[in-house]
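Q: Please take a close look at how the strands pair here. Which strand joins which, and where?

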Amino acid sequence: MKKLAASDLLSLERYSRERPEFRTRVIAHKKNRQLNVGGHTLWLFEDRLTVQYQVQEMLRTERIFEAEGIADELAAYNPLIPDGRNWKVTFLIEYPDPEVRRVQLEKLRGIEDRCWVQVSGYERVFAIADEDLERENEVKTSAVHFLRFELTQAMAEKLKGGAALSIGIDHPEYQHQISPAPDNVRASLISDLD
């Protein structure tokens with residue numbers, strides 16, 4: 001999938017005008033790219049459009065319009081765009097109550113390494129987590145992680161041929177599985193593969 005360039009972005013003025021329509025489009029698009037695994041994690045499978053939205057929102061919020069600042073945002077967010085044989089996921093651990101969240105984040109240390117996807121007939125593929133920086137310490141994990149799942153050519157072909165996809169987490173304190181993944185999510189993910 002092609003990375004974003006500055007020429008792909010809307011100016012702040014144009015984005016301000018087009019933002020309501022663009023947001024509506026992205027929200028509808030994300031419905032086919034997100035999945036709750038268990039009651040407390042949300043997986044958002046990123047792609048070029050979701051990343052463009054994040055960049056546009058950052059530029060808007062921070063009022064960034066200079067070339068250097070735009071380049072910095074693109075450098076930060078472009079790694080979230082899949083490369084054709086992988087999926088990139090923003091992984092969120094969600095507990096609304098701050099005290100419950102604190103306790104759970106302590107219990108869930110290492111959860112980011114126990115997230116997996118599985119194409120029917122193949123072994124599970126576990127996440128490569130937080131390649132940009134460490135988001136866990138000796139006490140707790142972070143509520144947000146960035147995951148990458150690398151698939152083989154054979155797995156991609158099998159998915160395109162109709163194989164089922166399962167998604168799950170195998171952590172001692174949090175074990176959940178979705179098998180098979182919903183058709184709308186599966187179809188969106190297949191579109192990310194070359």
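A: Two strands pair if DSSP finds at least two bridges between them. A strand is itself a DSSP run (E, at least two residues), and strands are numbered from the N terminus.

The model is predicted: local features need pLDDT of at least 70, side-chain atom pairs count only at pLDDT 80 or more, and totals for chains, interfaces and linings use all residues. Residues are numbered from 1 along each chain as its sequence is written, and side-chain values use heavy atoms, without hydrogens and water.

Start with strand S8, residues 165-171. S8 is mostly covered, with 6 of its 7 residues buried. Buried means under 20% relative accessible area (1.4 Å probe, protein chains only).

S8 pairs with strand S9, residues 174-178. The two are antiparallel, and 5 bridges link them. Look for Ile167: its bridge partner in S9 is Ile178.

Find Trp116, and you will see Gly168 of S8 opposite.

Now move to strand S7, residues 144-150. S7 pairs with strand S3, residues 86-93, in the antiparallel sense. That pairing has 7 bridges. In one of them, Trp87 meets Phe149 of S7. Strand S6, residues 128-129, pairs with S7 as well. This antiparallel pairing has 2 bridges. Ala129 has Leu147 of S7 as its bridge partner.

Terms used. Helices (H or I, at least four residues) and strands (E, at least two) are DSSP runs, numbered from the N terminus. Buried means under 20% relative accessible area, exposed over 50%, partly exposed in between (1.4 Å probe, protein chains only).
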